[in-house]
Amino acid sequence: MDIVFIVLTVQALMGAFDNLWHHEWSARLPSRTSARHELLLHAAREAIYGFLFLGFAWVQWQGWWVLLPTALLAVEIVITAADFLEEDRSRRLPPVERVLHTLLAVSYGVLVGVIAPLFAAHAALPTGVVRVGHGAWSWLFTVAAAVVLIWSLRNALAVVRLRADVQSAEPLPVAAHGPAVLVTGATGFIGTALVRRLRGEGRRVIVWTRDPLQARATFGPQVWALDRLEDIPAETRIDAVVHLAGSPILGLPWSRARRRELVASRIGTARQLMGLMQRLDRRPAVLVGASAVGFYGVPLADTPLDEQAAPQPGRFQSDLCAQVERAAGEAHALGVRVVCLRMGVVLGPQGGAYPPLAWAARMGFGAVLGSGRQRVPWIHRDDAVGLVCHALAHPGISGPVNAVAPDVPSQAQFVRTMAASFGRPVWLRMPAWPVRAALGEMSELLLCGQHAVPRQALAEGYVFTHASLAGALGALAGSGVGGPGEPLRPEARPS
């Protein structure tokens, strides 16, 4: 049996890497309604593996009972084939994931080759299920079975939630007329909500994405999804461009390669958008681009920062945002109005920063970081989308706009308000030095804040749906703490 357990271990480790790296980190399947069919297949396959892990660990199937694990292995093959077809329908797999799937298929073939003679020998024994033990292997695979079964249940619950989201969502208009809005980053956390709102308003939407399959599966055939701007004819009427694309800035450490990736994912796409606007017969009226409050770097004093505050050259987060805004500003030469939304931490369900922060708060792991005095500029996703639409609809808005809520708490206040939304206290405190040691310059995102205020948004008449942190977090948590948040009138400007 040792060889069986060794092959199963290899298969399980590769499967775990595929789940964590590709399904969770890269594709974010549990937060995508288009992935609910794929998640259902994953849940079924994981349930089979959980049962088999327990079986191999503690029992020996004999006689006719050998047909049970044999049938489960056969069903697993059918599920995997269906999973391959569903992946090809709903998303474009990166090369590494395709290679890993090939290795998993080879490993599965080896597993079948190892198990087949063992099952043949057991089939000749008297029919029954005999309890056996394999020492450390049994306990190891008991733990593995528990993890896989819990993961199966989690995916099944995600399918139920995603189906409920689809059923509760208002249907998008079947047809829309007039000029289109071109959106990059449309399948991301903010972009998905933006496209649905634009479609709900009857706007035509063009989505430029690396994965048109995922976009079509997410939004349906009413959205034109493409991966090459060259496929857009010059006579196409595009009234507005919203540029949200860019690799997440908080993630892997800011190595040289990582910095190049962060810059290229924003500046490279912006330059391609400039090329498209130059060749269109009629230029778009407005370009709305996503920047960030990192533009202000690490202010030395806790003073309110409006859109006139200066950047901090030499700090990567500030330099990155400045480059993004300069690239977007090149559209001015084409007669295009440019708005750069300097966004804070975006909070919302099923994506962004909120789910991991909420999980930590519920589990009692919320912590004050460093001094806890650093400001946390934030915005609810509804208001992030609302500000994009406000910028599209109001010709008087141009230049930088701080896309942050008027309530800018300290990090200590933020984590305590988050915990309170679940009825939890905050007991933990994390010193600054281990965060700096682990993350390097990227630790500034957690330990150094910007007291950014939405002066321009309020001056231009935007009314926040979620103006207070307690109200926003209470609404997200569903705990009733704070309520949905009172809209802030334009005249109620922050100091």
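Reader: Which helix gives the most to the lining of the second largest cavity?

Author: In this predicted model, α9 gives the most to that lining, with three residues. Local features need pLDDT of at least 70, side-chain atom pairs count only at pLDDT 80 or more, and totals for chains, interfaces and linings use all residues. Residues are numbered from 1 along each chain as its sequence is written, and side-chain values use heavy atoms, with hydrogens and water left out.

Reader: What makes this space a cavity, and which residues line the second largest cavity?

Author: On a 1 Å grid over the protein atoms alone, a cavity is a set of points where a 1.4 Å probe fits but cannot get out, and lining residues have an atom within 4 Å of a point. H243, A270, G289, A290, V324, A327 and A328 meet that condition, so they are called the lining of the second largest cavity.

Reader: Which residues line the largest cavity, and what classes do they fall into?

Author: V339, L341, L387, H390, A391, I397, V401 and A457 line the largest cavity, and they divide into seven nonpolar, one polar and no charged. Of the elements involved, α11 (381-393) and β8 (337-343) each supply at least two residues, and α11 gives the most, with three.

Conventions. On a 1 Å grid over the protein atoms alone, a cavity is a set of points where a 1.4 Å probe fits but cannot get out, and a pocket is an open set with protein on both sides within 12 Å along at least five of seven lines; lining residues have an atom within 4 Å of a point. Helices (H or I, at least four residues) and strands (E, at least two) are DSSP runs, numbered from the N terminus. Ala, Val, Leu, Ile, Met, Phe, Trp, Tyr, Cys and Pro count as nonpolar, Asp, Glu, Lys and Arg as charged, and the others, Gly among them, as polar.
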